Number of protein chains: 2
Amino acid sequence: MSRERRSGGRRGKSTRSGGSIEQLPWQQVKNTYPAFELLKPEQVDQLHDTSMRILSEAGIRVMGENVMDLFEDAGAIVDRDSKTIRIDESIVAAALETVPFEFTLTARNRAKQITLGGNNVTFGLVAGPPNVHDCINGRRQGNLTDYQNFIKLAHHFNAIHLIGNQVTAPLELPANNRHLDTYQANLTYSDLTFHCSAIGHGRALDGINMMAISRGQTPEEMKGDPGVITIISVNSPRLFDDAMGDGLIAMAEYGQPVTVTPFTLMGAMTPVTLPAALAQQNAEALFGVVLTQLVNPGTPVMYGSFTSNVDMRSGAPAFGTPENAKANIAGGQLARRYGIPYRTSNANASNAVDLQAAYETMMATWGAVLGGANIVYHAAGWLEGGLTASYEKFILDVEIIQNMIEFLKPIKFDADELGFDAIQSVPTGGHFFGAEHTMARYETAFYRPMLSDWQNYENWEAAGAKDALQRATGIWQQALRDFEEPAMDPAIREELEAYVAKRKEDIGSGEP
Amino acid sequence: MSRERRSGGRRGKSTRSGGSIEQLPWQQVKNTYPAFELLKPEQVDQLHDTSMRILSEAGIRVMGENVMDLFEDAGAIVDRDSKTIRIDESIVAAALETVPFEFTLTARNRAKQITLGGNNVTFGLVAGPPNVHDCINGRRQGNLTDYQNFIKLAHHFNAIHLIGNQVTAPLELPANNRHLDTYQANLTYSDLTFHCSAIGHGRALDGINMMAISRGQTPEEMKGDPGVITIISVNSPRLFDDAMGDGLIAMAEYGQPVTVTPFTLMGAMTPVTLPAALAQQNAEALFGVVLTQLVNPGTPVMYGSFTSNVDMRSGAPAFGTPENAKANIAGGQLARRYGIPYRTSNANASNAVDLQAAYETMMATWGAVLGGANIVYHAAGWLEGGLTASYEKFILDVEIIQNMIEFLKPIKFDADELGFDAIQSVPTGGHFFGAEHTMARYETAFYRPMLSDWQNYENWEAAGAKDALQRATGIWQQALRDFEEPAMDPAIREELEAYVAKRKEDIGSGEP
């Protein structure tokens with residue numbers, strides 16, 4: 001086995017010495033591999049049947065009268081006292097008829113339009129953490145400067161396709177209007193599409209309005225050509241709160257896509273068994289899907305999955321577990337059964353950017369990709385089970401995403417690639433370094449990683465023996481230095497600023 | 001999205017406080033999921049056809065006259081001057097008729113018999129590094145004490161199914177007889193099957209003899225019930241050296257299994273294109289497979305894959321790359337085409353047990369498992385592209401292997417698991433912690449990791465803020481303290497000692 005080892009290798013040349021970070025180009029990623037089917041077709045049917053029983057017998061509780069009215073009109077059994085809605089399969093089936101199989105999201109840079117659904121794969125920035133961490137400045141509360149930095153990183157790295165809901169909360173700003181500052185940062189420091197907060201009608205509408213301004217359009221003009229997306233988290237088990245319902249309705253009225261994601265941590269918000277969790281997830285997701293179609297038939301909607309487990313000894317959430325990977329794959333089978341674009345995540349539960357963060361993220365990422373995820377949400381920067389947005393984790397995740405993008409690139413197959421002549425041209429025991437076939441392809445033959453260091457031990461040690469975490473710190477710092485703000489028409493910039501100022505005045509100390 | 005975050009959780013209780021390390025039980029792992037087919041059937045055919053051209057037109061160079069004689073008798077075209085053997089498809093087809101679809105390996109503990117082939121999955125200890133590293137004592141040359149420690153760890157952790165060829169080289173011992181000390185350590189500190197060195201006839205025979213002694217048998221009695229295995233590395237491109245040929249022949253004569261693994265790093269030992277590398281790998285592997293059947297029809301043999309790429313800027317080998325993951329999967333499709341048990345690896349190229357080591361290992365591991373690997377070789381402890389056996393990497397890898405074992409456990413599916421009654425019994429917005437359905441299952445519901453820490457940040461920080469690498473150090477130290485040497489009949493122990501002493505005397509300063 002002695003040859004199965006590194007034999008030194010020619011001296012490596014750092015690609016980062018020149019300053020710029022080598023990375024993959026912007027691309028719409030497609031997963032053309034056969035779907036990975038963890039569940040047998042009859043098991044998928046059993047999940048469907050159980051979720052139909054949950055919807056028709058147990059029912060879903062909602063907080064808003066508007067939601068009850070919509071369902072009552074559609075023929076659901078609405079118990080106004082307990083605020084419980086029970087629907088039968090025919091209502092689900094009718095709604096599914098108008099759900100688009102795929103749709104596009106277009107921000108101000110039309111060249112970065114993304115398609116969601118079908119075999120398209122996208123990766124989104126982490127959303128929601130109250131804290132921020134990097135290895136130089138340590139752990140701190142979320143704030144606008146860090147918020148802006150993460151948007152710059154998301155813009156800089158082509159692996160990131162969309163911005164999630166508040167990469168970190170800028171806690172120094174007022175809670176009732178900080179969404180305006182974050183939308184403004186999204187639109188200023190990036191040309192990506194983003195996630196609007198759907199906690200109430202106003203925050204969603206602000207996102208729609210500001211994206212429309214950045215595109216030089218009215219919100220009405222965006223109706224058939226969506227620019228933003230939102231996620232409605234279900235308060236599992238079986239509860240939709242009213243702020244989320246209002247946000248969903250605002251988005252659907254403007255034809256902007258909604259993702260419905262049950263918060264189904266097994267053992268806490270669902271039973272401990274995976275089939276039960278999947279059945280409950282399915283019922284809750286389909287309920288939200290139906291609601292979008294009752295508001296506005298044809299509204300783009302995504303089937304969201306966040307099924308993982310908790311540590312049964314402590315109740316702490318766990319992510320990137322084997323159960324989470326299975327749920328990511330099975331969730332995709334369910335979404336495909338209904339022809340609904342699929343969102344899932346690749347979270348982890350580590351408190352540090354360490355081995356655990358890496359292997360848990362990898363478990364969940366493989367599950368998401370094999371599951372046919374159209375959006376892998378929280379894909380870059382998630383740490384501490386979602387309580388911290390981490391700069392180094394962001395870099396690690398971009399590397400992981402790039403690895404998956406390359407893995408999904410189909411193998412090119414023709415006579416040249418089969419290379420019989422090249423094989424015959426090199427003597428036995430020789431090498432292919434100088435072969436014509438190699439020389440014609442060597443620059444682009446293989447994926448060139450951003451974070452990995454493939455120098456031999458002696459060179460690596462001589463260069464300071466930096467581990468991957470230390471290198472990640474250097475990379476995000478370099479990326480922030482390299483960042484170039486995407487150009488924006490001054491008139492549009494002014495209009496955005498005016499919108500934010502006016503809305504802050506209007507909101508005052510009230511709710512948006 | 002605020003609910004998609006860890007909300008603190010009940011206080012965790014460490015499972016390691018009592019000393020013993022929680023781990024999965026010993027098990028024969030099965031991959032019952034559908035095969036993941038990266039290549040289309042016609043592409044597999046094209047690879048086959050190209051490899052047949054390599055065998056019949058370009059040919060394979062061998063060093064041994066005995067190998068040329070065997071092939072000449074089988075009808076091959078043997079050019080004695082250039083030592084090149086050319087075979088046509090009919091010779092390959094005839095050999096494939098006698099290759100077993102699966103076989104067993106049995107060490108002195110029959111309860112730990114493993115089956116190779118079919119849908120069985122096993123994970124082997126790293127093999128071959130000249131160096132050793134741990135975070136307390138640093139990097140050093142391989143030596144017998146560290147060798148023994150790794151065997152103890154392999155025995156202690158149920159995730160490890162077999163011992164590879166010299167987990168590290170005990171460099172203080174004479175090169176011509178140290179294989180005897182390593183075999184003795186394998187048989188003393190573990191009850192696992194192991195890999196014999198096949199560098200020449202003698203080393204292979206010593207392994208066979210010593211395993212037979214430990215089983216209380218003669219080598220002849222092991223012929224239909226193999227106890228050891230070896231790997232023949234091809235000196236790619238297209239060269240089999242004579243020491244390897246002799247080792248293969250010795251193993252095959254005694255009916256002990258052989259794995260034939262071409263050393264096909266794309267860009268160096270094969271063309272840079274994956275189809276060419278796979279075609280060359282296929283030709284070289286099949287050549288070795290044919291040889292085993294010419295020596296002794298029915299000899300168990302494995303199809304080995306080690307196809308990865310090099311860094312084209314430095315020539316350094318790279319592992320755990322997207323190309324490596326694809327090759328692991330495609331290699332499995334080829335092995336299944338011929339009905340040959342499949343061996344591949346999950347290596348990485350990192351110089352430290354860091355994020356890179358984790359994500360590269362994960363890329364390769366998923367490729368190996370999705371590829372239907374029957375042996376994942378080098379699965380625990382591999383660092384620095386194979387130049388170092390690492391204690392902490394071993395622990396990381398056991399955790400990764402356990403995650404994969406759990407992922408491969410099929411989802412249990414029945415009315416109880418679907419849990420409709422449990423779902424209906426918990427009020428909307430409530431929780432399932434105290435539900436009867438949960439209480440009946442919570443202790444075994446989820447995989448309990450060995451290395452992950454799922455405490456919330458505050459508890460984790462209060463407990464010393466140890467990252468996963470630091471925890472790994474504690475775990476291998478604990479495992480060595482917990483290690484219990486498997487009982488051995490004193491007469492067998494004496495016989496083994498006598499065999500080693502006699503052989504050392506016989507070998508003297510010569511070759512074994």
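Tutor: Begin with B:His133, whose bridge partner in strand S9 of chain B is B:Arg139. The model is a predicted one. The two residues belong to a pairing in which strand S8 (residues 131-134) of chain B runs antiparallel to S9(B), joined by four bridges. Strands of a sheet pair through backbone hydrogen bonds, either parallel or antiparallel. S8(B) and S9(B) are part of an open sheet of four strands in chain B, ordered S9-S8-S22-S21, and the pairing in that sheet is mixed. Its edge strands are S9 (138-141) and S21 (382-383) of chain B, each of which pairs on one side only.

Chain A also has an open sheet of four strands with mixed pairing, in the order S3-S4-S2-S13. Here the edges are strand S3 (77-79) and strand S13 (239-240) of chain A, and each pairs on one side only. S3(A) runs antiparallel to strand S4 (residues 84-86) of chain A, with three bridges between them. Within that pairing, A:Val78 has A:Ile85 in S4(A) as its bridge partner.

A further antiparallel pair in chain A consists of S5(A) and strand S6 (residues 114-117), held over four bridges. A:Glu102 stands opposite A:Gly117 in S6(A).

Side chains of opposite charge can pair when their charged atoms come close. Over all chains, the structure holds 48 salt bridges. One of them joins A:Asp206 and A:Arg503, at 2.6 Å from N to O. This pair links distant parts of the chain, since A:Asp206 is in helix H6 (residues 201-214) and A:Arg503 in helix H17 (residues 490-507) of chain A, 297 residues apart. Both A:Asp206 and A:Arg503 are buried.

In chain B, B:Glu72 and B:Arg80 form a salt bridge whose closest N and O atoms are 2.9 Å apart. B:Glu72 counts as partly exposed because its relative accessibility is 39%. B:Arg80 counts as partly exposed because its relative accessibility is 30%. Another salt bridge in chain B is that of B:Asp225 with B:Arg215, at 2.9 Å from N to O. B:Asp225 and B:Arg215 both lie in the loop between helix H6 (201-214) and strand S12 (228-234) of chain B, so the pair ties together parts that are 10 residues apart in sequence. B:Asp225 and B:Arg215 are both buried.

The last step is the boundary between the chains. There, 145 residues of chain B are in contact with 144 residues of chain A. Together the two chains bury about 13,000 Å² between them, 66% of it on carbon and sulfur atoms. Two salt bridges are found across this interface. B:Glu22 forms a salt bridge with A:Arg313, with the closest N and O atoms 3.2 Å apart. Between the chains, 32 residue pairs are in polar contact. On the side of chain B that touches chain A, helix H10 (residues 355-370) of chain B supplies the largest share, nine residues. The residues on that side divide into 72 nonpolar, 41 polar and 32 charged.

Conventions: Residues are numbered from 1 along each chain as its sequence is written. Chains are lettered from A and ligands numbered from 1 in the order in which they are written. This is a predicted model: local features need pLDDT of at least 70, side-chain atom pairs count only at pLDDT 80 or more; totals for chains, interfaces and linings use all residues. Side-chain values use heavy atoms; hydrogens and water are left out. Contact means heavy atoms within 4.5 Å. Buried area is the accessible area (1.4 Å probe) that two parts lose on being put together, summed over both. A salt bridge is a side-chain nitrogen of Lys or Arg within 4 Å of a carboxyl oxygen of Asp or Glu. A polar contact is a pair of N or O atoms within 3.5 Å; within protein, one must be able to donate a hydrogen and the other to accept it, and residues adjacent in sequence count only if both atoms are side-chain atoms. Ala, Val, Leu, Ile, Met, Phe, Trp, Tyr, Cys and Pro count as nonpolar, Asp, Glu, Lys and Arg as charged, and the others, Gly among them, as polar. Two strands pair if DSSP finds at least two bridges between them. Buried means under 20% relative accessible area, exposed over 50%, partly exposed in between (1.4 Å probe, protein chains only).
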